[in-house]
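This report is an introduction for someone who is meeting the structure for the first time. Please look over the sequence and the model before reading on.

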Amino acid sequence: MIFRLVLIALLIGATVSLPAQRKAKKERAKKINAIYVPRDIYDAHKELDKKTTEDYQSQIKNWKEKESVYKTKHSLGLVLRHDWELWNGSRLSAYFNSIGIFNPNDMSEIVIRSYHRYLNGQPLLIGDLVKEHIQKWEDLKGIDVKEDEN
């Protein structure tokens, strides 16, 4: 009887910890589905240098900063969110979580805006970008969504 209880407890413990173990493994993984996942924003810039053409880099560089996000949100931004698994707990998303960014759309926007600055030789000011996105979510907390009373 005691043996059965111990066995059941071990099985329950193993089952409960599997998702946590998978998440921890993904956060440490350098590659997911054979695609390299950067460890931080600086590594992301290096990877974008390798993965994008000089023509595409020139386009991003010549756009205004906000324009670079708007024009790449559903192309480059989508690829970043998908390939680097920003929705699924990759090591890059863990990096962003550690600095207070939890939304994958915000993560890809910060990568693109800072990459634009990087290409133009401007200070990256990552802290300012992070604060801007955190403030956006703080401002949204105060909005009360009500249905139309008509």
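Is Ser108 buried or exposed? With a relative accessible area of 2%, Ser108 is buried, where buried means under 20% relative accessible area, exposed means over 50%, and partly exposed lies in between, with a 1.4 Å probe and protein chains only.

The model is a predicted one, in which local features need pLDDT of at least 70 and side-chain atom pairs count only at pLDDT 80 or more, while totals for chains, interfaces and linings use all residues. Residues are numbered from 1 along each chain as its sequence is written, and side-chain values use heavy atoms, with hydrogens and water left out.

**Overall picture**

The protein chain holds eight helices and two strands; helices (H or I, at least four residues) and strands (E, at least two) are DSSP runs, numbered from the N terminus. Read from the N terminus on, the order of the elements is α-β-β-α-α-α-α-α-α-α. The chain has 150 residues, of which 35% count as buried. Where residues at least 6 apart in sequence are in contact, 66% of these contacts join residues at least 24 apart, a contact being heavy atoms within 4.5 Å.

Ser108 belongs to helix H7, and, leaving aside residues up to four places away in sequence, Ser108 touches Gly77, Leu80, Arg81 and Leu86. Two packed helices are described by the angle between their axes and the distance between the axes. Here the axes are lines fitted to C-alpha atoms, for helices over the stretch in contact, and the angles run from 0 to 180 degrees between N-to-C directions.

| Helix pair | Angle between axes | Axis distance |
|---|---|---|
| H2 and H7 | roughly 70 degrees | within 10 Å |
| H3 and H7 | about 95 degrees | 9 Å |
| H6 and H7 | roughly 90 degrees | within 11 Å |

Helix H2 covers residues 41–51 and helix H7 covers residues 104–119, and their axes cross at roughly 70 degrees, which makes H2 roughly perpendicular to H7. On this scale, angles under 35 degrees count as roughly parallel, over 145 as roughly antiparallel, 65 to 115 as roughly perpendicular and the rest as oblique. From H2, the residues Ile41, Ala44, His45, Leu48 and Asp49 meet Ile110, Val111, Ser114, Tyr115, Tyr118 and Leu119 of H7. By class, this contact of H2 with H7 consists of eight nonpolar, two polar and one charged residues, where Ala, Val, Leu, Ile, Met, Phe, Trp, Tyr, Cys and Pro count as nonpolar, Asp, Glu, Lys and Arg as charged, and the others, Gly among them, as polar.

Helix H3, residues 54–62, packs against H7 at an angle of about 95 degrees, and this makes H3 roughly perpendicular to H7. Gln57, Ile60 and Lys61 of H3 meet Tyr115, His116 and Leu119 of H7, and the contact of H3 with H7 is made up of three nonpolar, two polar and one charged residues.

The axes of H6 and H7 cross at roughly 90 degrees, which makes H6 roughly perpendicular to H7. Ser93, Phe96 and Asn97 of H6 make this contact with Met107, Ile110 and Val111 of H7, and the classes of the contact of H6 with H7 are four nonpolar, two polar and no charged residues.

Leu124 sits in the loop between H7 and H8 and is buried, with a relative accessible area of 16%. Not counting residues up to four places away in sequence, Leu124 touches Tyr42, His45, Ser114, Arg117, Tyr118 and Leu129. Leu125 also lies in the loop between H7 and helix H8 (126–141), and Leu125 is partly exposed, with a relative accessible area of 46%.

Most residues other than glycine have a negative phi. Leu125, although not a glycine, has a positive phi of about 50 degrees.

**Around the end of H5**

Glu85 is not a glycine either, and has a positive phi of about 45 degrees; this residue lies in the loop between H5 and helix H6 (91–98) and is buried, with a relative accessible area of 10%. Asp83 is found in helix H5, residues 76–83, and at 24% relative accessibility Asp83 counts as partly exposed. Although Asp83 and Val37 are 46 residues apart in sequence, their C-alpha atoms are 7.8 Å apart in space.
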